[in-house]
Amino acid sequence: DSTLLALAERVTTPRTKYVITPETFTYDINIDDISKNVSVQKYAGFLKRHPGTQMILGALTYRLYNTGLQPTPSSYRVGERLWCDSFNTALLMDSCFNCSYYFKSRLVPGVEIIPYQNTLKFFGRLIAAFGGSSHSYGTQERMTALSLPGERSSGVMICYESLYGNFQGPQSATGPNSCPSSRTTDGGETRRATASISALPPSGR
């Protein structure tokens, strides 16, 4: 966080529309209440100092369900009546914690999606030992653009999804003021903020 924000402070101007981080740059964000996350609170403080700028975060997020039955195919049990879904997420936010998000939906086999997850549980533990996820990430049915009320939209591809042109092409951005973006961890850039700041022109330019 400190490296990212220090670099962003140096390059952000009144014309900067977005500050963009790599895929999975931050983590442990409840997608239904992002304000509780300490890193998100720091990002909101930065955005308050730069009115008109928003952040597009690469984040590992989660959603909790209070139910006795498994609510989604990708969810996993974390309590007696508590289930959790994890997501590789592109998260757009402003200084007031307003947000828009897209869940990566074309997942890397064996790393982000575990075949026969409920049957081959040992496979998830094996993948986790080599740096992958111990369970499958959740997805969404189609790609959607990120947008906040009254602002331009941003179409987002997350890493492996760039291989699926027929999936992302029609949906990645909508409207005349849309702005496409992409994020990845290829080349070990997960935490290297020095290669991750994008200063985009303001809406309408």
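Q: Where in the chain does Thr21 lie, and what makes Thr21 count as buried?
A: In this predicted model, Thr21 sits in the loop that runs between strand 1 (18–20) and strand 2 (26–30). Its relative accessibility is 2%, and since buried means under 20% relative accessible area, Thr21 counts as buried.

Q: Why is the pair of Phe87 and Phe103 called stacked?
A: A pair of aromatic rings is described by the distance of the centres and the angle of the planes. Two aromatic pairs are counted here. For Phe87 and Phe103 the ring centres are 3.7 Å apart and the planes stand at 10 degrees; centres within 6.5 Å form a pair, and planes under 30 degrees apart count as stacked, so this pair is stacked.

Q: Which parts of the chain does the pair of Phe87 and Phe103 tie together?
A: Because Phe87 lies in strand 5 (residues 82–93) and Phe103 in strand 6 (residues 99–103), the pair ties together parts that are 16 residues apart in sequence. Phe87 is buried, with a relative accessible area of 4%, and Phe103 is buried as well, with a relative accessible area of 5%. Together with Tyr101, Phe87 and Phe103 form one aromatic cluster.

Q: Why is helix 1 called roughly parallel to helix 2?
A: Helix 1 and helix 2 pack at an angle of about 10 degrees, with their axes 11 Å apart. Angles under 35 degrees count as roughly parallel, and therefore helix 1 is roughly parallel to helix 2. Helix 1 contributes Leu4, Leu5, Ala8 and Glu9 to the contact, while helix 2 contributes Lys42, Tyr43 and Phe46.

Q: How many residues does the largest nonpolar core have, and which elements give two or more residues to this core?
A: The largest nonpolar core has 22 residues, and those with the most contacts inside it are Tyr43, Phe46, Met55 and Met93. Helix 1 (2–11), helix 2 (38–48), strand 3 (54–66) and strand 5 are the elements that give two or more residues to this core, and the largest share, five residues, comes from helix 2. Apart from this core lies another, of 13 residues, among them Tyr102, Met143, Ile158 and Cys159.

Q: Which residues does Met55 touch, not counting residues up to four places away in sequence?
A: With those places left out, Met55 touches Leu4, Val19, Thr21, Tyr43, Phe46, Leu47, Leu91, Leu92 and Met93.

Q: How many helices and strands are in the chain, and what pattern does the chain follow?
A: The chain has four helices and eight strands, which follow the pattern α-β-β-α-β-β-β-β-α-β-α-β when read along the sequence. Of the 205 residues in the chain, 44% are buried. Among contacts between residues at least 6 apart in sequence, 70% join residues at least 24 apart.

Terms used. Residues numbered from 1 in each chain as written. Predicted model: local features only at pLDDT ≥ 70, side-chain atom pairs only at ≥ 80, totals over all residues. Heavy atoms only, no water. Phe/Tyr/Trp six-rings, centres within 6.5 Å; stacked < 30°, edge-to-face > 60°. Buried < 20%, exposed > 50% of the residue type's maximum accessible area, 1.4 Å probe, protein only. Core = buried A, V, L, I, M, F, W, Y, C linked by side-chain atoms within 4.5 Å. Contact = heavy atoms within 4.5 Å. Axes fitted to C-alpha atoms, helices over the stretch in contact; angles between N-to-C directions. Parallel < 35°, antiparallel > 145°, perpendicular 65-115°, else oblique.
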